Structure formats: structure tokens, C-alpha cells
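The following paragraphs lead the reader through a single protein chain, from its overall surface to two individual positions. Please keep the sequence and the model in view while reading.

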Amino acid sequence: MKPNELFDQAADKPGRRGDAIGALFAGLAAAATAAAAERRAQREAQREARRNRPEAVAARKTAARRGWETRRRNAEEKARMHALDDGPVRTGPRCDEMTHDSRGQESFCYLEPGHDGDHDNDLGLTWPRDENETEEVASHG
């Protein structure tokens, strides 16, 4: 029996109103669910149609190419900067002192152990010696 038929019977027989109202709401819920599924399917079909248009495909290809070129350019710049930072490499023992540069990265002294004067990282960053440091060097040596 369809919801409308049950509703008509309920109008004639008040004892069956619960069945009719329940059937009516069940029918409404089923219709709303079917309508929502239909709208969802239509939106998905429209989205796919827009996505597969030639100008949309071309725009995605252009954006991907630009992104690739930007990543390549950034990698080349990083490699070029790294090559500049890799000046002459000091061999042999080094001072163990460390500080943090303006970006918070660790920077180590590249001078010989027990050197006089400020510490230097060979990249332009210098920092003063600690007063206690000279005493430690003297006590070890």
C-alpha cells in the first residue's frame, strides 16, 4: 500500500492514524533521500564536465609547469647558495665552541683549538670568547 492510500484510510478510520502518519513520514524520508542523491549525482556530473573541459585541462597543465619551474629554480638557487657557503674547507683540529646565529642555527668556530681572540665561523659570524673559557683551556693544557 502506498503512503497516500494509508493516509486516506486513516482519514476514514481514526484507529489507523499511527500507521498512516508513520508511512507518510517514511515516504517523505525516502523521497528526500532520493532527491538528495539525485542532486549529488548532478553536481558530480557538472563538476566532472567542468574539470574535463579543454581550457581547464590546459590551465592545470600550465599551473603544473609553473610549479615545476619554480621548484627547479628554487633548487638551483639553493645549490648556488650552498656552493657559495662551501668555501675552503679547514682540515685538522678545530675549536669546540659553538653559538647560535641570527636564525637560530648552530654555528661552530673553525679556528684552531686554543686560539686567541674571538671565535669565527669562516662565514662572517664572530662571537667573543667567554672569560671562563680561557681558564678551562689553561687548566687542560
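Accessible areas come from the Shrake-Rupley method with a 1.4 Å probe. On that basis, the chain exposes about 11,500 Å², and carbon and sulfur atoms supply 53% of this area. The model under discussion is predicted. Of the 141 residues in the chain, 12% are buried.

The secondary structure comprises four helices and four strands. Read from the N terminus, the elements follow the order α-α-α-β-β-β-β-α. Among the contacts in the chain with a separation of 6 or more, 12% join residues 24 or more positions apart.

Helix 2 spans residues 17-51 and contains L28. Together with I21 and F25, L28 forms a nonpolar patch on the surface, and the accessible area of these residues together is about 300 Å². L28 counts as partly exposed because its relative accessibility is 49%, and the partly exposed class lies between the buried limit of under 20% and the exposed limit of over 50%.

Attention now turns to the strands. L125 is located in the loop between strand 3 (119-120) and strand 4 (126-127). Its relative accessibility is 26%, and L125 therefore counts as partly exposed. Which residues does L125 touch, if those up to four places away in sequence are not counted? They are T99, D101, S107, H119 and D120. A further distance concerns C109, which is 16 residues from L125 in sequence; in space, the two are 9.2 Å apart, C-alpha to C-alpha.

Terms used. Residues numbered from 1 in each chain as written. Predicted model: local features only at pLDDT ≥ 70, side-chain atom pairs only at ≥ 80, totals over all residues. Heavy atoms only, no water. Helix = DSSP H or I, 4+ residues; strand = E, 2+ residues; numbered from the N terminus. Buried < 20%, exposed > 50% of the residue type's maximum accessible area, 1.4 Å probe, protein only. Contact = heavy atoms within 4.5 Å. Patch = residues over 30% accessible without salt bridge, like charges linked within 9 Å, V, L, I, M, F, W, Y side chains within 5 Å. Salt bridge = Lys/Arg side-chain N within 4 Å of Asp/Glu carboxyl O.
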